[in-house]
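The exercises below are meant to be worked with the sequence and the coordinates side by side.

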Amino acid sequence: MSDFTFTIDGVEVPAKRGQTILEAADAAGIYIPRLCWAKDLAPGGHCRVCTVLVNGRPQSACTHPAGPGMVVDHDTAELRAWRKNIVEMLFVEGNHYCMFCEKSGNCELQALGYRMGMTTPKYPYMFPQRTVDATHPDVMVDHNRCIACGRCVRASRDLDGKNVFQFVQRGHHVRVAVNADGGLGRTNLSAADQAAQLCPVGAILIKRVGYAVPVGRRLYDVKPIGSEIEAKRAPAPSGK
Amino acid sequence: MTMTTTTELKRIIIEPVTRVEGHGKVSLLLDAQNKVKQARLHIVEFRGFERFVQGRPYWETPVLVQRLCGICPVSHHLCAAKAMDMVIGVDADQLTPVGEKMRRLMHYGQTLQSHALHFFHLASPDLLFGFDADPQIRNVLGVAAKFPDLAVRAVLLRRYGQEVIKFTAGKKIHGTGAVPGGINKNLSVAERDELKKELPKILEWSVGGLELCKKFTREHLAELADFGSFPSNHLSIVRKDGAMDLYDGNLRAIDSEGKRIIDGVAPKDYLSVIREEVRPWSYMKFPFLKDLGPEKGWYRVGPLARLNTCDFIDTPLAEKERQEFTALTKGKPNNITMAYHWARLIEMLHAVEKIQLLLDDPDLQADNLTAQGTFRGEGVGILEAPRGTLFHHYRVDKNDQVTMANLIVSTTNNNEPMNLAVRKVAEQFFDGRAVTEGLLNRIEVAIRAYDPCLSCATHAMGQMPLVVEAFDEAGRVVSRAVKS
């Protein structure tokens, strides 16, 4: 049972008290693109890919609570362009080489790029100098591909209770760092930890399993990202 | 092969060489009497994959290094996977049957598509229209206009090879099928049946292409026998019983008379027999057999070398063709540069026969895709790529990161022979006065016989206009010709 309703692009959406706009949209089968959000994690509002207009003001749908009578604009040309710009900026500010990345086909950033019709970024590549931390026996961090979404930071702190990862520096210099001198191998991270499992891109990888799933059977090879949410909106069979 | 002093010489430059994979430049240096004193195939671009791969996790390597090339990426993909098998402690005979056979199927698909591409699209215009024919018609479109049936078959042969690759690697270009220790998919029954359906036609067309090439070679034997030809050593891997094996085996090298120089050398021991020389005017190195030194130890690789080094071919149609091929030189090694084409089409037929055998093998539907071993940290993979013997050597540290990579690609192995072929042709056909279209064409034809993949050896580039410039000793252009 819903507590109230609000509208997304003019469609009435039921919601419960405490639900965010993104959660209510998911339940209603409306896919709002997102990157830093993950189920069971406290929303971070870092990536801004889920930006919507709430009563005309830009807000991140993953952090903003749904409210009775709220008017949300989501699938507009302007918002689609904003989101695509964000995704393009994420591509150019790291070193994302999809052609040989083992996350290809399972990568949420790549999948969003495809879904949004990104062919090539309009911004110049920044080619930052980043490092690879492979000191852990079972998990590696390739900072070249990190988009600073903070899923690992929140998962390690809130779900694993370990604080293996944390943000360092400020503003556009902000990066995810390992909370130990000597690299990941000096932490108590386990490959089974949520922090090692929730990376949306190819930055945190379980070692020695790359490319095990053949091309054609990977998560986003067949259906675009968000399809599983939109499937909930399929019209009910007649007679029910 | 080259002069040490270059004073009083004129220089002719052919750049780029067309209808080869990649971008090459030829310079001819002439003396005061306008005789060719020096011939060089310059490779002036640089790739750097051996450096890119350092620091990357070892399981990424087969997918990363195949980006060297869009023509035969499968060769690099499989060669790196073979090296990584060794890195994780899985020997060649420890792969699961489905693991090895799926890789072989991928490799034979690759050989088929690459050889078909080279013969029909790149080489056949020279053979069908003649070396001196107008470049406007002496190209693949000219072949399509005058020999439409042949052109359609060429496209479909290549397409079939690409389909085999797609079903084994997941994609037609730059797939991910081979992983350290095995493969990531088997061949479904539906995929198998789809490939089997078209196979009889593919076999028939492969035989037809070979007949065409044989007919041309026999009809022009007097002209071709000396065309850019020279005695040389030949190197390839062969199976332990001496059979041609494009996927796995030990190194064998023979001299121009057929005497064995090395034999039974395991891939991991390649450095005990092979060395590479660097020359300042090319980014492509010059490999040689260590014991013979750079002057005498250079060798040829590729289809011609493989036909020469093997004792037999283990498929019936190709073996019959091999016997006919070796009869031409009375059982001695064939040193005719233009015989590369004939040898290449025998291999194409062999690849089709191998595909046929594999498609009937129920092992390809098995599920035990990978084998496990104990980490060794170093591995060497060698296989016979379409253009010749390919070496991949890696060291991996305890963190699973690649610390060293050494790649000796097929075209690099043929570096000295290609230089020599250019010089032979230039000596034969340069009249000492004008740089003729015929001379340029013939130099290109000689280089093209090796099917050089210069993108693989160094850099990727499409076709570009051909520019020829002759310089006097002061560096002034005395003659210039452009082919666009």
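**Exercise 1.** How many residues does the contact take from chain B, and how many from chain A?

*Solution.* The model is a predicted one, in which local features need pLDDT of at least 70 and side-chain atom pairs count only at pLDDT 80 or more, while totals for chains, interfaces and linings use all residues. Residues are numbered from 1 along each chain as its sequence is written, and chains are lettered from A and ligands numbered from 1 in the order in which they are written.

Step 1: apply the contact criterion, by which two residues are in contact if their C-beta atoms, placed from the backbone, lie within 7 Å. With that criterion, chain B contributes 19 residues and chain A contributes 16 residues.

Step 2: sort the chain B side that touches chain A by class, where Ala, Val, Leu, Ile, Met, Phe, Trp, Tyr, Cys and Pro count as nonpolar, Asp, Glu, Lys and Arg as charged, and the others, Gly among them, as polar. This gives five nonpolar, nine polar and five charged residues.

**Exercise 2.** In what order do the strands of the open three-stranded sheet of chain B lie, and why is one side of β12 and of β14 left without a neighbour in the sheet?

*Solution.* Step 1: identify the elements, taking helices (H or I, at least four residues) and strands (E, at least two) as DSSP runs numbered from the N terminus, and treating two strands as paired if DSSP finds at least two bridges between them. The order in chain B is then β12-β13-β14, with antiparallel pairing.

Step 1: look at the edges. Strands β12 (378-385) and β14 (402-408) of chain B each have a single partner strand, so one side of each lacks a neighbour in the sheet. From one strand to the next the twist averages 10°, with axes fitted as lines to C-alpha atoms, for helices over the stretch in contact, and angles running from 0 to 180 degrees between N-to-C directions.

Step 2: follow the bridges. Eight of them join β12(B) to the antiparallel strand β13 (residues 388-396) of chain B, and B:G379 has B:Y394 in β13(B) as its bridge partner. Between β13(B) and β14(B) there are six bridges, again in the antiparallel sense, and here B:V396 is partnered by B:V402.

Step 3: Five residues separate β13(B) from β14(B) in their hairpin, and B:D400 in the turn has a positive phi of about 75°. Helix α3 (residues 73-87) of chain B lies across β12 and β13 of chain B and runs at about 150° to β12(B).
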